[in-house]
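User: Hi! I am new to protein structures and would like to learn how to read one. Could you walk me through some features?

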Amino acid sequence: MELLDYHARERSKAEFDVEEMKIVWAGSRHDYEISDRIARLVASDPVFRKDNRNMLTRKDLFKDTLTKVAHAWKRINELRLSEEEATIFRFYIDQPAYTDLHWGMFIPAIEGQGTEEQQEKWLPLAYKMQIIGCYAQTELGHGSNVQGLETTATFDPQTDEFVIHSPTLTSSKWWPGGLGKASTHAVVYARLIIDGQDHGVHGFIVQLRSLDDHSPLPSITVGDIGMKFGSGAYNSMDNGVLRFDHVRIPRNQMLMSVSQVTREGKYVQSDVPRQLVYGTMVYVRQKIVSDASIALSRAVCIATRYSAVRRQFGSKNGGPETQVINYKTQQSRLFPLLASAYAFRFVGEWLKWLYTDVTQRLQANDFSILPEVHACTAGLKSITTSATADGIEDCRKLCGGHGYLSSSGLPELFAVYIPACTYEGDNVVLLLQVARFLVKTVSQLGSGNKPSGTTAYMGRAEHLMQCCCEVESAEDWLKPSVIVEAFEARAARMSFACATSLSKFSNPEEGFAELSADLNEAAVAHCQLIVVSKFIEKLQQDIPGKGVKRQLEILCNVYALYLLRRHLGDFIATGCITPEQGALANEQLRLLYSQLRPNAVALVDAFNYTDHYLGSVLGRYDGDVYQKLYEGAWKDPLNDSVVPDGYHEYIRPILKQHFGNARL
């Protein structure tokens, strides 16, 4: 049977080598080849089907998740997959599961905070999944404010144990994935108490359930917190609630790489610098930014392909209607999201390099860049996850009514993704942390401290506070130096304005609270500058493949000028550009959309997502949308019977006016 490709005409328009772009997107030929092979391996396995997920009850959905995790572990061992291959294998199953936290948080916590002896004891068990772990930090009453956690770990010198206790309702651990039903162990974060003295929050390895029958251990109350947003979606994850009633654990189960409690009950710092924990933070945030590019690219792939299939209005002389993707209103909403997906991908690549660099510096006891790295990673986590969450919803709207169907893949993608805006730091709180760093950087400029890294531009503050944009034509906006200077001037001027305003308050903290909205905007300006700069730096590399670099240049300019247009008020109010120059930027943006249009479908093909992973009828590779939508409708359980259950009890009495004694 000949396969149809409704996108064949679109793909024939591509002005670049799609196969080479796939390698650029993946990061390297090795990464592309291994990802492609594993994705197809998962897609071909019927156990990993996803099309029925939204129709399952919560219990059946969780059992389906357990089935897939067990089958995945079996296949990983049968195929003798490497650690890299196994990670990619789990990724393409594309169903939130307790193993996400086991591999992504529990094991890294022990690797990063445990002593050599602790690692030797616990990691082999975790690697073989002879224990299942989770990361129990967030509580019912505290999330972002980790220092406000209420769970206590009180040292008992008589028994050489810690007593883990939940003293209040709000101290209940709440949200940890895998905690609800699956985990046997947890890294629990609690306040260390010795002789009545509070030494702050530390991590402890605590067994929660029996390794024989999986029942909760004595004095431990644990369960699932209930349904979350959406059907299917993140409800495959057993997010849990956990309470301790004076649970005792051995002293050596406190994670002690940075600080220890001796047998005599003395609290001592180790020779390992406390700052080493920042390495784990950078790794986690880098992963979140990379995940943002993946989630956004999935949504954009669906919306782009469907926009090329969908036709509405514009028929001439009985001919075909106009493809929705040809309307400028569609392009002006869709193409910036496509550009953003690529931008986030490349800044994520840079963060991988930064993680390696930070790790090497920390091992050499060089902590000089930590404040800047903390601010940078916090800000990038914030702006990429917020933009992605909003972008997925925009893609749903771009698909019209059909985007609201579960089979479009977009409602579930949105529901699964949006927790990223709050976990690992609330996005608004993170931006305020960035703002504090920016204000401090401004205040230190006169002291001889030279800004470095992502704040190096602040060292040219005198120029940036006075420079005038030299754009005279729309084409001038294509010059990287012009774009970068405009974004640097905007970021510098907004940071300086906030610092000046703060200086007028006698109490700095009151001023910070009063000006928090302005400070957040300054932080956003700084972080957007980073993304734009890293995209431009990517283009300075040697990028092979016919037309590949040209398309990336177009995407980079679309991303930068879209941000400029969206935040035009900032650029004009700070005097970085004139209203006339803003109009020229918009003119150039429209021209860029026209250049992007013939390549749109090919650019999303470069993501190289299988139909299984994409999970969308609207985003099918072959574009056979309407036939599959129609076929899919009849698979819904509601269509199992022609006459609905309940007809005789509830519909027929209304139609026949048989109401008995009912009052209407």
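Analyst: Happy to! Let's begin with a cut-off: a residue is called buried if its relative accessible area is under 20%. In this predicted model, Phe346 and Phe535 are both buried.

User: What relative accessibility does Phe346 have, and what about Tyr342?

Analyst: Phe346 has 3% relative accessibility, so it counts as buried. Tyr342 is at 0%, so it is buried as well.

User: Where do buried nonpolar residues end up?

Analyst: In soluble globular proteins, nonpolar side chains tend to be buried together. Here the largest nonpolar core has 145 residues, and Tyr342, Leu380, Trp477 and Leu552 are those with the most contacts inside it. Helix H9 (residues 328-363) gives the largest share of this core, 16 residues. Apart from it lies another core of 24 residues, including Leu179 and Met254.

User: Which residues does Leu552 touch, leaving out those up to four places away in sequence?

Analyst: Leu552 touches Met21, Val24, Tyr342, Phe346, Phe535, Leu539 and Ile543.

User: How do I describe two aromatic rings that pair?

Analyst: A pair of aromatic rings is described by the distance of the centres and the angle of the planes. This structure holds 21 aromatic pairs. For Tyr342 and Phe346, the ring centres are 6.3 Å apart and the planes are at 55 degrees, so this pair is tilted. Tyr342 and Phe346 are four residues apart in helix H9, which means about one helical turn separates them. Phe346 also pairs with Phe535, edge-to-face, with 5.3 Å centre to centre and 70 degrees between the planes.

User: Why does the pair of Phe346 and Phe535 tie together parts that are apart in sequence?

Analyst: Phe346 lies in helix H9 and Phe535 in helix H16 (residues 516-538), so their pair ties together parts 189 residues apart in sequence. Ring pairs also link these residues into a cluster, with Trp25, Phe91 and Tyr613 among its other members.

User: What sits over the ring of Tyr621?

Analyst: The charged end of Arg11 does, 3.6 Å from the ring centre. Likewise, Arg436 lies over the face of Phe512, at 3.9 Å from the ring centre.

User: And is Glu85 buried or exposed?

Analyst: Glu85 has 14% relative accessibility, so it counts as buried. Glu85 is in helix H5 (residues 83-93), and its side chain makes a polar contact with the side chain of Arg37 at 2.7 Å.

Terms used. Residues are numbered from 1 along each chain as its sequence is written. This is a predicted model: local features need pLDDT of at least 70, side-chain atom pairs count only at pLDDT 80 or more; totals for chains, interfaces and linings use all residues. Side-chain values use heavy atoms; hydrogens and water are left out. Helices (H or I, at least four residues) and strands (E, at least two) are DSSP runs, numbered from the N terminus. Buried means under 20% relative accessible area, exposed over 50%, partly exposed in between (1.4 Å probe, protein chains only). A polar contact is a pair of N or O atoms within 3.5 Å; within protein, one must be able to donate a hydrogen and the other to accept it, and residues adjacent in sequence count only if both atoms are side-chain atoms. A nonpolar core is a set of buried Ala, Val, Leu, Ile, Met, Phe, Trp, Tyr and Cys residues joined through side-chain atoms within 4.5 Å. Contact means heavy atoms within 4.5 Å. Rings of Phe, Tyr and Trp (its six-membered ring) pair if their centres lie within 6.5 Å; planes under 30 degrees apart count as stacked, over 60 as edge-to-face and the rest as tilted. A charge sits over a ring if NZ of Lys or CZ of Arg is within 6 Å of the ring centre and within 35 degrees of the ring normal.
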